[in-house]
Amino acid sequence: MAPRTPRITPTPEGARHTMALSEQEILSGLAELISTEMEIPAESISAEQSLTDDLKIDSLSMITIVYNAEEKFGVRIPDDEANKLVTVQDAVDYIKNNQG
């Protein structure tokens, strides 16, 4: 009798099997996303900064950042919740509280 080959079930695209991230890990990851989109150094991004006033994130860039954050952190950020995010810390808190 031939040995059985294990069956591999593909993971749905975008699904993540991760442990909950710390607030600092989320802040760091979010700073990377903002840095890439806005072309500013990640090190210059802090939790208390306003997404629109300090970081100059417009609505189109915000959509991109939210989409990338959903992918990176495995969370869903509905439009009505995204509209409530004023500071980087607001985004960190939302992600931290909604990790799977």
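The lining of the largest pocket is made up, by class, of 10 nonpolar, 4 polar and 4 charged residues. Keep in mind as you look at the structure above that this is a predicted model.

**The largest pocket**

- The largest pocket holds about 320 Å³ of space.
- It is lined by 18 residues, and those closest to its centre are Met62, Ile63, Val66, Ala82 and Asn83.
- Two elements, α2 (59–73) and α3 (79–82), each give two or more residues to the lining.
- Helix α2 gives the most to this lining, with 6 residues.

**How α1 and α4 pack**

- Two packed helices are described by the angle between their axes and by the distance between those axes.
- The crossing in which α1 passes α4 is right-handed.

**Residues where α1 and α4 meet**

- On the α1 side, the residues in contact with α4 are Glu23, Ile26, Leu27, Leu30 and Ile34.
- On the α4 side, the residues that meet α1 are Val88, Gln89, Ala91, Val92, Asp93, Ile95 and Lys96.
- Sorted by class, the contact between α1 and α4 has 8 nonpolar residues, 1 polar residue and 3 charged residues.

Notes: Residues numbered from 1 in each chain as written. Predicted model: local features only at pLDDT ≥ 70, side-chain atom pairs only at ≥ 80, totals over all residues. Heavy atoms only, no water. Left-handed = near helix turned anticlockwise from the far one by under 90°. Helix = DSSP H or I, 4+ residues; strand = E, 2+ residues; numbered from the N terminus. Contact = heavy atoms within 4.5 Å. Nonpolar A, V, L, I, M, F, W, Y, C, P; charged D, E, K, R; others polar. 1 Å grid on protein atoms, 1.4 Å probe; cavity = no way out; pocket = protein on both sides within 12 Å on 5 of 7 lines; lining within 4 Å. Points joined across faces, edges and corners; volume = space filled by probe spheres on them.
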